[in-house]
Protein chains: 2
Amino acid sequence: MPSLLCSMRIVKFTINMTPLQDLILPAPSSRILKTLILQGYIFPSLKDLVKSKDKNKPLFISMVGTQGKRLFSKGEILKISKGQMASSSISFPFYEKSIDEIKEDTYDTPFGKIVITVDRIDLLDLSSIKTEKYLEKNIKIKFLTPPLLTSKVLLPPSLKEKYKSVRSGYSILPSIGLISSYAYKTYLSALGKNENPELDTRQFKIGVLTNALSEVFGFSLEPITIIIGRDDKGNLRKTRGPMGWIEFDIKSKKLKKRIIKYLLVSSFLGLGKSRGIGLGEIEIS
Amino acid sequence: MPSLLCSMRIVKFTINMTPLQDLILPAPSSRILKTLILQGYIFPSLKDLVKSKDKNKPLFISMVGTQGKRLFSKGEILKISKGQMASSSISFPFYEKSIDEIKEDTYDTPFGKIVITVDRIDLLDLSSIKTEKYLEKNIKIKFLTPPLLTSKVLLPPSLKEKYKSVRSGYSILPSIGLISSYAYKTYLSALGKNENPELDTRQFKIGVLTNALSEVFGFSLEPITIIIGRDDKGNLRKTRGPMGWIEFDIKSKKLKKRIIKYLLVSSFLGLGKSRGIGLGEIEIS
């Protein structure tokens, strides 16, 4: 079953980009990599996945970063200077051909000419995720871009109908349970599993259990509002989420192991909504 | 049933204290008011309640405050100067005689001579708590002293036995559900209700539901470690909790009304563990 084996690995390509002229970044800046795919320049096999409206698709395209920081606009115009090297990453279920589908070259994009090189390739085998090195210490999660997490995923499934009209917005003060619940959701997306009542219940239970059995040791969180494009009428589309980090532990070894696994998958595929445009990029240490 | 009627009201006495000499504050500084009661100078009827080891007793004795801030030590020695007016508050189930049990006078305490005057008396009638003015806007909770909240109260009661050995510590990043769950616990203490499986389940459900249906709009939180006395061997006893504020809304009107009620009771009786020595003092606006 080669196709099943393939879908059991997630790959992350970290790609360097150097513009041949000053480049004004689009909002979100992940649009550069997305456009390169839609133009057919790189990873043509991913076109359908990029276009897919599936809410939990196994695809993460990061914002553009320089010097270890992701670039996203809070209203200001962002630029990369001519010759300045920036980078961006993309993660998806591994397929053999993918390695041949990105050629180091200069590409003509709507944003200007950009030289593309591959910086590194990371592979995560879902069937043997190594959690050992994280088990004996606290878990630290760092948000490189704000995640969009709605606290409503922690609603008991039996009450979903009763509160279906409630909009609880995106959490700017996420609990460990909420983060874990969404990490499980990302894990499901990696496995290609769609939502169903049984998985919804499991996602709810993970959130509740992790909230009850976790302890936070330190954090630095700040809500930020960022621009993620324009609507059909040309109005700016904004969204709001937390930036910063949380250091915590989970006091049940079995549960901790599971959550680490989900978080490691999320360090490839992101956390929360709009992962496909680079929101919810996290680092685990 | 006059005794039932009495217990349906919570009273808060705000008491001014002016030392006749420089006064070194004990840790916790709530010990001044506590000592005045144990010495029989004020509220002699409360002696038994003050001594009681009941974990959820309806008693709150605040830390000493000056200029709107509570004084608690992070290691340093705290003083009030001779003639400087400080204040402290105490909340408990109202009884008629209480008003006569505090006389404005100069009292000789182990900490020095202190002039005591009553600044104000607030009464909260549990059978008719006014929530209207809070319902139409966001709720802002401010921690005047750090609350001690263990996330384990959000564990499903059916799993309590399974995870009974787990110590999840005090949360320094409290969720709205955790705060609400503890506010309900304070409300139960005001009603004189002891814990039982049914109330445990209700407390759990309130936490889960509020976590799912709440939205945080702003916050400023910082964990602090404070000294709360010495153990039998003379070692400093420390504890850690969050200071700051959270502004949030609850997206179900019925639930919001209940939580506001519990929080208003908690603004008299405190939130979390060690309310009796002034931890978990909150303001709601």
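Q: Why is B:E198 called exposed?
A: The relative accessible area of B:E198 is 52%, and exposed means over 50%, buried under 20% and partly exposed in between (1.4 Å probe, protein chains only). B:E198 therefore counts as exposed.

Q: What kind of model do these values come from, and how are its parts numbered?
A: This is a predicted model, in which local features need pLDDT of at least 70 and side-chain atom pairs count only at pLDDT 80 or more, whereas totals for chains, interfaces and linings use all residues. Residues are numbered from 1 along each chain as its sequence is written, chains are lettered from A and ligands numbered from 1 in the order in which they are written, and side-chain values use heavy atoms, with hydrogens and water left out.

Q: What makes B:E198 and B:R202 a salt bridge?
A: The closest N and O atoms of B:E198 and B:R202 are 2.8 Å apart. A salt bridge requires a side-chain nitrogen of Lys or Arg within 4 Å of a carboxyl oxygen of Asp or Glu, so the pair qualifies. Both residues lie in helix α6 (residues 197–213) of chain B, 4 residues apart, about one turn of the helix. Helices (H or I, at least four residues) and strands (E, at least two) are DSSP runs, numbered from the N terminus.

Q: Is B:R202 buried, partly exposed or exposed, and what makes it so?
A: B:R202 has a relative accessible area of 36% and is therefore partly exposed.

Q: How do you know that B:E96 and B:R9 form a salt bridge?
A: Their closest N and O atoms are 3.9 Å apart, which is within the limit for a salt bridge. The pair links distant parts of the chain, 87 residues apart: B:E96 is in the loop between β7 (86–93) and β8 (105–109) of chain B, and B:R9 is in strand β1 (residues 9–19) of chain B. B:E96 is exposed because its relative accessible area is 54%, while B:R9, at 25%, is partly exposed.

Q: What makes B:E136 and B:K253 a salt bridge, and where do they lie?
A: An N to O distance of 3.1 Å places B:E136 and B:K253 in a salt bridge. B:E136 is in the loop between α4 (132–135) and β10 (139–143) of chain B and B:K253 in helix α7 (residues 253–269) of chain B, 117 residues apart, and the pair links distant parts of the chain. Both B:E136 and B:K253 are exposed.

Q: How many salt bridges does the whole structure hold?
A: A search over all chains finds 20 salt bridges.

Q: How do you know that the two domains of chain A touch?
A: Chain A is divided into domain 1 (4–125) and domain 2 (132–284), bounds that come from an automatic or database domain assignment. Their centres, taken over C-alpha atoms, are separated by 23 Å. Contact means heavy atoms within 4.5 Å, and 28 residues from domain 1 of chain A and 27 residues from domain 2 of chain A take part.

Q: How much area do the domains bury, and what is meant by that?
A: Domain 1 and domain 2 of chain A bury about 2,300 Å², 63% of it on carbon and sulfur atoms. Buried area is the accessible area (1.4 Å probe) that two parts lose on being put together, summed over both. In domain 1 of chain A, the residues that lose the most area to domain 2 of chain A are A:N56, A:F60 and A:F72, together 28% of what that side buries.

Q: Which charged residues meet in a salt bridge in chain A, and how many such bridges join the domains?
A: The side chains of A:R70 and A:E281 form a salt bridge at 2.8 Å, N to O. The count between domain 1 and domain 2 of chain A is 1 salt bridge.

Q: What makes chain A and chain B an interface?
A: In chain A, 35 residues are in contact with 34 residues of chain B. About 2,600 Å² is buried between the chains, of which carbon and sulfur atoms give 69%. A:L173, A:A212 and A:F219 supply 23% of the area that chain A buries against chain B, more than any other three residues.

Q: How many salt bridges join chain A and chain B?
A: The count is 0 salt bridges.

Q: Why is A:G40 called partly exposed?
A: A:G40 counts as partly exposed because its relative accessibility is 31%. A:G40 is found in the loop between α2 (31–38) and α3 (47–51) of chain A.
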